Amino acid sequence: MQPGIKNTASEEPQALLTLRGSTRNEQKRVEILMGLGKSVDLDRYGGLLVAMTLFLEAWEPRVVQAMPPAWRVWFVCRRRSVLLRRDLNALSLSVSPRKPLLKIDLATPSAAWGSLYAIEGLTMRNQEIAARLHEAHGIGAHNGGAYFGARGDVTGTLWRESSKVIQSMLEGPKSQAEACAAAVQTFHALTKVFLDVPTKQFAAAYN
């Protein structure tokens with residue numbers, strides 16, 4: 001169950017519009033690195049799993065600590081790095097034990113919500129990857145596609161829920177500015193993780 005969400009209907013669109021406008025270019029770059037719009041070959045997919053695992057395992061604990069205490073359980077219930085580990089095991093892929101240094105300033109709860117916006121926004125494209133994986137390689141939730149296929153038909157519903165929470169937490173210009181800065185930093189950090197994945201695992205993503 002979620003903690004109470006403030007009713008800010010008059011301001012409802014502003015926080016998300018501001019975040020979307022501030023991060024449009026950064027999100028596009030990440031989506032290109034993810035290979036969205038291209039066929040999903042196994043080299044590309046393996047690199048994608050490795051990069052997302054490295055990022056989320058470093059990012060999730062930091063966001064939990066930055067969240068308001070009343071919302072930490074809600075966030076923990078949505079953590080998905082465990083699904084990535086399941087996929088890596090299914091495909092016999094390994095990840096470096098060294099966690100990346102993520103240059104994201106999460107000093108305030110507003111920053112945490114902005115960072116969450118960035119990662120949640122990417123999940124709206126997961127169904128595309130899941131569908132192409134299944135069609136081309138027969139990969140589904142039980143044999144290496146858990147992360148991208150887990151939310152399935154409820155992806156949109158969960159995104160709308162997250163959006164409602166995020167916009168309710170970012171009521172004024174200061175909180176929105178902090179959220180936007182963290183969201184941009186989150187996309188930059190994710191981009192760096194993608195680019196740092198060894199070429200032999202992720203070369204196809206850049207061709």
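A: Happy to walk you through it. This is a predicted model, in which local features need pLDDT of at least 70 and side-chain atom pairs count only at pLDDT 80 or more, while totals for chains, interfaces and linings use all residues. Residues are numbered from 1 along each chain as its sequence is written, and side-chain values use heavy atoms, with hydrogens and water left out.

Your opening question concerns pLDDT, the predictor's confidence in each residue, from 0 to 100. Helices (H or I, at least four residues) and strands (E, at least two) are DSSP runs, numbered from the N terminus. Residues 199–207 have pLDDT below 50, and this stretch makes 23 contacts beyond near neighbours in sequence; a contact means heavy atoms within 4.5 Å. The mean for the chain is 85.

Now to the spaces. On a 1 Å grid over the protein atoms alone, a cavity is a set of points where a 1.4 Å probe fits but cannot get out; a pocket is an open set with protein on both sides within 12 Å along at least five of seven lines; lining residues have an atom within 4 Å of a point. Grid points are joined across faces, edges and corners, and a volume is the space filled by probe spheres set on the points.

The largest pocket has a volume of about 450 Å³. Of its 20 lining residues, Leu54, Arg98, Pro100, Val193 and Asp196 are the closest to the centre. The lining divides into 10 nonpolar, 5 polar and 5 charged residues. Here Ala, Val, Leu, Ile, Met, Phe, Trp, Tyr, Cys and Pro count as nonpolar, Asp, Glu, Lys and Arg as charged, and the others, Gly among them, as polar.

There are also 2 cavities of 30 Å³ or more. The largest cavity holds about 80 Å³, and its lining includes Trp59, Phe75 and Arg80. Both α2 and α5 supply at least two residues to the lining of the largest cavity, which has 5 nonpolar, no polar and 5 charged residues. The second largest cavity has a volume of about 50 Å³; among the residues lining it are Met34, Arg80 and Tyr147. Its lining divides into 6 nonpolar, 2 polar and 1 charged.
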